[in-house]
There are 2 protein chains.
Amino acid sequence: MSLQFSDITAARARIAPHIKRTPVLTNEALDAELDAQLFFKCENLQAMGAFKARGAANAIFALSDADAAHGVVTHSSGNHGAAVARAAQRRGIPGYIVMPNNAPQTKVRNVESYRGKVVFCAPTMTAREETCARIAAETGAVLVHPFDNYDVMAGQGTATLELLEDTPGLDLILCPVGGGGLLCGTAVAAKGVRRAIRIVGVEPELGDDVAQSFRAKKRITIPTAPTIADGLRTSSTGEKNLPLILKHVDDVVTVSEDAIVAAMREIWERLKIVIEPSCAVPFAAIRAGKVDVTGKKVGLILTGGNVDLDQLPWQKL
Amino acid sequence: MSLQFSDITAARARIAPHIKRTPVLTNEALDAELDAQLFFKCENLQAMGAFKARGAANAIFALSDADAAHGVVTHSSGNHGAAVARAAQRRGIPGYIVMPNNAPQTKVRNVESYRGKVVFCAPTMTAREETCARIAAETGAVLVHPFDNYDVMAGQGTATLELLEDTPGLDLILCPVGGGGLLCGTAVAAKGVRRAIRIVGVEPELGDDVAQSFRAKKRITIPTAPTIADGLRTSSTGEKNLPLILKHVDDVVTVSEDAIVAAMREIWERLKIVIEPSCAVPFAAIRAGKVDVTGKKVGLILTGGNVDLDQLPWQKL
């Protein structure tokens, strides 16, 4: 079993009542500067403020009634947690959310607003997984992994189906990479529509586990990294993700912290939208010259907009 | 002569190549809290970052070749200036922009990026008008007034045609009021589609010239007000605007500075978009209880997103 294009079209139908079709934004001045056409898929404007609403809704509504009866549990630096809480609330089952104790307050409140039951743990992958396993054992809740899960990946890929409908003829799609759930969904969706679309994942240099794994062709685990892109602080991609990445993704590149902050600010200023640092990463790759977009039609997935408005990274407070 | 519904449908066709169809955003949590359905028409995502792109494009492309030959001139606290500069650039004629010397740097740069010729003057309506008149006399440029102009009003009204197509059945539309150009366009467009739609203008208490004029049924001039809503710092509505306002607008209400800042921040945080203080004013009226939205479908025009990201009004720097 793996992730197929048909899983993504099925996910689209399944989650339609639970998510928004988000707009695609363009900027004429930016296009003129770059001699390219950029299309920003605004998942920061998605329900609960991130694309994660898609994957969680797909995974949770795909469960049988018997499997769903005791609820769901997950671990998340924030947006996936809120997404699972929201989908569980909509299905009328308990949602247990394991969060690292350094998660931003905005993201904790977001989870709680959907009646998610928050359980804090140490900010390590080991602590998260152990806490999840304990809750699953105690309650019978089903684990909805943030990325190492085909239903989650299929849900995330639905954003790309919409993007390609709204902007046919894309040459290239750039997407941020944390664990690789979005990257796998994006790649399978795009290649299913048109094989020639190039797919490039972009990671912070401080969290380059997938870039390393892509080059080594095996899963590499790194220490949890303090990148400002808090949604991308993963130690390694998933067992199910790496084969899909190696099969469908054309390249994975990395960007510096400074480039991420500058790109985030530029998107706020020019596109007039609030994005979190994690989704500035692909635009940072363009500005840093890590990806050549000259003469190309380029899609960028903007993944989320949950930030603390009192602590903006370009301000020294 | 006055402003007719047919002027707005004609404007829509005229400016279609020069503007964007902007998205309408909703927020499920906000709707649940307010027991209402709010539809935010995102003109902050318009070309050059404000609805003003519409009115300026309509006025400038409506000119005959002979009238347009020597260019156009206007005065503006910023967004209308950028809009005139942009439309003039697209038509290939000179655009002279008279700006108050206290205009935000972001707005000055915005005008210059469209090759507008900026001329600074004192921040009073008298100084602006005199400078405009001098330039018109010296160059033969045609004045494109920011609001006291039927073609400008017709262009601004096109946003409401789109809003009503995307969200049929609105009970109420709220829009910010500076000089009244947007309010007139909005009211004539909405009443032309459906007479029963209620139209309410919202002004800062510190710049309540239109609220006063609405009650007095005559044009009242007030001292230029230091409201944070810098797009709404007008001393009086236009000669052409007041009769339209009295005929088509149902009410004009006012909000405090604190309510504007709180509403601005809430929209950034919940809708994930960057808006300038001027367009937080209608949502502020809802939060302040100045407009009852219970059980209603409500449209709000978000007018622009040009702000200085280093100086956010909720931060004490």
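1. The domain bounds used in this note come from an automatic or database domain assignment. For chain A that assignment gives domain 1, made of residues 5-49 together with 149-302, and domain 2, made of residues 53-143. The structure is a predicted model, and the points below should be read with that in mind.

2. As to overall form, chain A has 13 helices and 10 strands, and its C-alpha trace spans about 55 × 50 × 40 Å along the principal axes. A compact globule of 317 residues would have a radius of gyration near 20 Å, and the 18 Å of chain A agrees with this. Of the 317 residues in chain A, 55% count as buried. Among the contacts in chain A with a separation of 6 or more, 74% are made by residues 24 or more positions apart.

3. The two domains of chain A can be considered next. Taken over C-alpha atoms, the centres of domain 1 and domain 2 of chain A are separated by 23 Å, and the contact takes 23 residues from domain 1 and 21 residues from domain 2. On the side of domain 1 of chain A that touches domain 2, helix H1 (5-15) and helix H8 (150-166) of chain A each supply at least two residues, and the largest share, 8 residues, comes from H8(A). By class, that side of domain 1 has 9 nonpolar, 10 polar and 4 charged residues.

4. Which helix of chain A gives the most to the side that touches chain B? The contact between the chains involves 19 residues of chain A and 19 residues of chain B, and on the chain A side helix H2 (28-34) and helix H12 (257-271) each supply at least two residues. H12(A) gives the most, with 3 residues. The residues of the side of chain A that touches chain B divide into 9 nonpolar, 5 polar and 5 charged.

5. Chain A contains an open sheet of 6 strands in the order E1-E2-E10-E7-E8-E9, with mixed pairing. Its edge strands are strand E1 (24-25) and strand E9 (251-255) of chain A, each of which pairs on one side only. Within this sheet order, E2 stands beside E10; strand E2 (residues 37-42) and strand E10 (residues 297-302) of chain A run parallel and are joined by 6 bridges, with A:Gln37 opposite A:Lys297 in E10(A).

6. In chain B, strand E7 (residues 172-176) and E8(B) run parallel and are joined by 5 bridges, and B:Pro176 of this pair stands opposite B:Val202 in E8(B). Strand E8 (residues 198-204) of chain B has 6 of its 7 residues buried, so it is largely enclosed by the rest of the structure.

7. Helix H6 (residues 105-113) of chain B has B:Lys107, B:Asn110 and B:Val111 as buried residues. These cover an arc of only 95° around the axis, which puts them on the same side of H6(B). The exposed residues B:Gln105 and B:Arg109 are carried by the face of H6(B) turned away from its buried side. What covers the buried residues of H6(B) includes helix H5 (79-91), strand E4 (95-100) and strand E5 (117-121) of chain B. After H6(B) comes B:Arg115, whose phi is positive, near 60°.

8. A:Leu232 lies in the loop between helix H10 (209-216) and helix H11 (241-248) of chain A, and is buried, with 27 other C-beta atoms within 10 Å. Leaving aside residues up to four places away in sequence, A:Leu232 touches several residues, including A:Pro176, A:Val177, A:Glu203, A:Thr227, A:Ser278 and A:Val281. The C-alpha atoms of A:Leu232 and A:Asn58, which are 174 residues apart along the chain, are separated by 21 Å.

Conventions: Residues are numbered from 1 along each chain as its sequence is written. Chains are lettered from A and ligands numbered from 1 in the order in which they are written. This is a predicted model: local features need pLDDT of at least 70, side-chain atom pairs count only at pLDDT 80 or more; totals for chains, interfaces and linings use all residues. Two residues are in contact if their C-beta atoms, placed from the backbone, lie within 7 Å. Helices (H or I, at least four residues) and strands (E, at least two) are DSSP runs, numbered from the N terminus. Ala, Val, Leu, Ile, Met, Phe, Trp, Tyr, Cys and Pro count as nonpolar, Asp, Glu, Lys and Arg as charged, and the others, Gly among them, as polar. A residue is buried if 20 or more other C-beta atoms lie within 10 Å of its own, exposed if 12 or fewer, and partly exposed in between; C-beta atoms are placed from the backbone. The arc is that of the directions from the helix axis to the C-beta atoms. The radius of gyration is taken over C-alpha atoms; the globule rule is 2.2 Å times the number of residues to the power 0.38. Two strands pair if DSSP finds at least two bridges between them.
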